[in-house]
Amino acid sequence: MTATQNPAQEHRSMPLHRLDVPAPRLLPFAIGTFDTIGPLSRAAYPHRHTFYEIAYVTHGSGHHVIDLRRWTLRPPHLCFITPGRTHHWQQHEQVHGCVVLFDPSFLLAHPSDRELLRGLGEHPSLPLTGQAAARVEDLLGGMRSEYGEGQRGMLTVLQAYLHILLVHASRLPAETRAHSTPSARGAHGSQDPDAAPGRSASLAGSFVQLLEPPGAAGTHTVAACAAELGVSVGYLTAAVRSATGRTPGQLIRHAQVLEAKRLLAGTGMTVRRVAHDVGFADPAYFCRFFRRETGASPGQFRREAHEGPAAAGEPPPRT
């Protein structure tokens with residue numbers, strides 16, 4: 001795994017890590033321990049990925065900061081980091097466990113896994129006990145053995161293992177998931193697509209996907225999204241409202257605010273640069289927008305964020 005930037009460049013922009021699996025492993029997938037994956041698996045500076053990461057922490061202490069929220073590690077812990085989200089490990093001591101990394105292309109065999117990961121990404125730090133922990137360990141152990149042996153058909157076996165792991169995690173008791181986030185809504189305000197069946201839910205899910213890559217919210221208008229999805233603006237608006245209770249414009253603004261928060265809290269970029277990266281040519285207008293949406297100026301939000309991430313169990317800054 002390599003990073004496009006190193007920590008010394010953090011003051012300029014948000015480091016972006018890419019999955020780079022050396023030959024002969026040509027799969028868009030890797031699994032190992034925190035030690036074998038390498039030092040980036042315990043990166044202590046805010047960064048994000050182009051790939052998915054599942055971290056199963058079995059030993060250690062400290063905190064895992066995911067999108068401005070700090071989760072106290074109480075192993076065993078199962079963590080999900082989806083592409084575009086910021087995260088880092090804070091004050092960690094001897095964090096050990098298993099790390100699974102894979103590109104979106106690895107999900108082609110089970111397209112529904114993308115929706116499972118989106119839902120799990122809204123509950124990114126799940127404490128496990130008893131039977132649930134034993135099941136996760138068995139599945140990860142099977143994946144590591146299969147990956148290590150490198151036998152014929154390994155790709156499909158690994159995809160099957162991953163699918164079972166995601167389904168198992170999504171079945172965790174509601175009280176477990178409730179402790180991992182203060183809201184049942186996702187980072188973009190959308191609910192589980194299964195709660196709104198049919199075309200509306202599918203289209204709303206595709207719309208939210210367009211807003212997920214870093215900087216995407218700043219380059220997408222409702223009309224552009226509708227054109228890319230092959231529907232009219234009116235149809236898209238009705239579908240998204242039916243599935244999420246919010247309009248496409250509201251979700252775009254929410255995504256812009258979330259991206260601005262990530263950059264303000266995780267980098268030393270100027271407010272002008274942050275404004276540009278989230279789609280505002282006029283920094284003054286961006287400041288008014290940000291204050292209207294969050295109740296704080298960009299500078300105030302940055303100062304408060306640098307005083308320390310929100311403690312586990314407390315809601316993130318209002319959006």
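## Reading the labels in this fold

Mentor: Of the contacts in the protein chain between residues at least 6 apart in sequence, 74% join residues at least 24 apart. The model is predicted.

Trainee: How many helices and strands does the protein chain have?

Mentor: It has twelve helices and nine strands. Of its 319 residues, 49% count as buried.

Trainee: Take the salt bridges. What makes Arg 85 and Glu 122 one?

Mentor: The closest N and O atoms are 2.7 Å apart. The cut-off is 4 Å, from a side-chain nitrogen of Lys or Arg to a carboxyl oxygen of Asp or Glu. So the pair qualifies.

Trainee: Where in the chain do the two partners sit?

Mentor: Arg 85 is in the loop between strand E7 (77–81) and strand E8 (86–102). Glu 122 is in the loop between helix H2 (112–121) and strand E9 (125–127). They are 37 residues apart, and the pair links distant parts of the chain.

Trainee: What makes Glu 115 and Arg 118 a salt bridge?

Mentor: Their closest N and O atoms are 2.7 Å apart, and the rule asks for a distance within 4 Å. Both residues lie in helix H2, three residues apart, so about one helical turn separates them.

Trainee: Now the nonpolar side. Which residues of the largest core touch the most other members?

Mentor: Phe 29, Ile 54, Leu 78, Phe 80, Val 100 and Phe 102, out of 32 residues. Elements giving two or more residues include strand E3 (29–33), strand E5 (52–66) and helix H4 (154–170). The largest share, seven residues, comes from H3.

Trainee: What does Ile 54 contact beyond its neighbours within four places in sequence?

Mentor: Among them are Leu 78, Phe 80, Val 100, Phe 102, Leu 162 and Leu 166.

Trainee: Why is H2 called roughly perpendicular to H6?

Mentor: The axes of H2 and helix H6 (residues 199–211) come within 12 Å and cross at roughly 65°. Angles of 65 to 115 degrees count as roughly perpendicular, so H2 gets that label against H6. The crossing is left-handed.

Trainee: Which residues meet there?

Mentor: Arg 114, Glu 115 and Arg 118 in H2 meet Gly 205, Val 208 and Gln 209 in H6. Glu 115 and Arg 118 also form the salt bridge discussed above.

Trainee: What makes H9 and H11 roughly perpendicular?

Mentor: The axes of helix H9 (residues 248–266) and helix H11 (residues 283–294) cross at roughly 105°, coming within 11 Å. That angle falls in the 65 to 115 range. H9 and H11 are therefore roughly perpendicular to each other. The contact includes Val 257, Ala 260 and Leu 264 of H9 and Phe 286, Phe 289 and Phe 290 of H11.

Trainee: Last one. How do you know whether His 64 is buried or exposed?

Mentor: His 64 lies in strand E5. Its relative accessibility is 0%, so His 64 counts as buried. Leaving aside neighbours within four places in sequence, its contacts include Trp 71, Cys 79, His 87, His 88 and Trp 89.

Key. Residues numbered from 1 in each chain as written. Predicted model: local features only at pLDDT ≥ 70, side-chain atom pairs only at ≥ 80, totals over all residues. Heavy atoms only, no water. Helix = DSSP H or I, 4+ residues; strand = E, 2+ residues; numbered from the N terminus. Core = buried A, V, L, I, M, F, W, Y, C linked by side-chain atoms within 4.5 Å. Buried < 20%, exposed > 50% of the residue type's maximum accessible area, 1.4 Å probe, protein only. Contact = heavy atoms within 4.5 Å. Axes fitted to C-alpha atoms, helices over the stretch in contact; angles between N-to-C directions. Parallel < 35°, antiparallel > 145°, perpendicular 65-115°, else oblique. Left-handed = near helix turned anticlockwise from the far one by under 90°.
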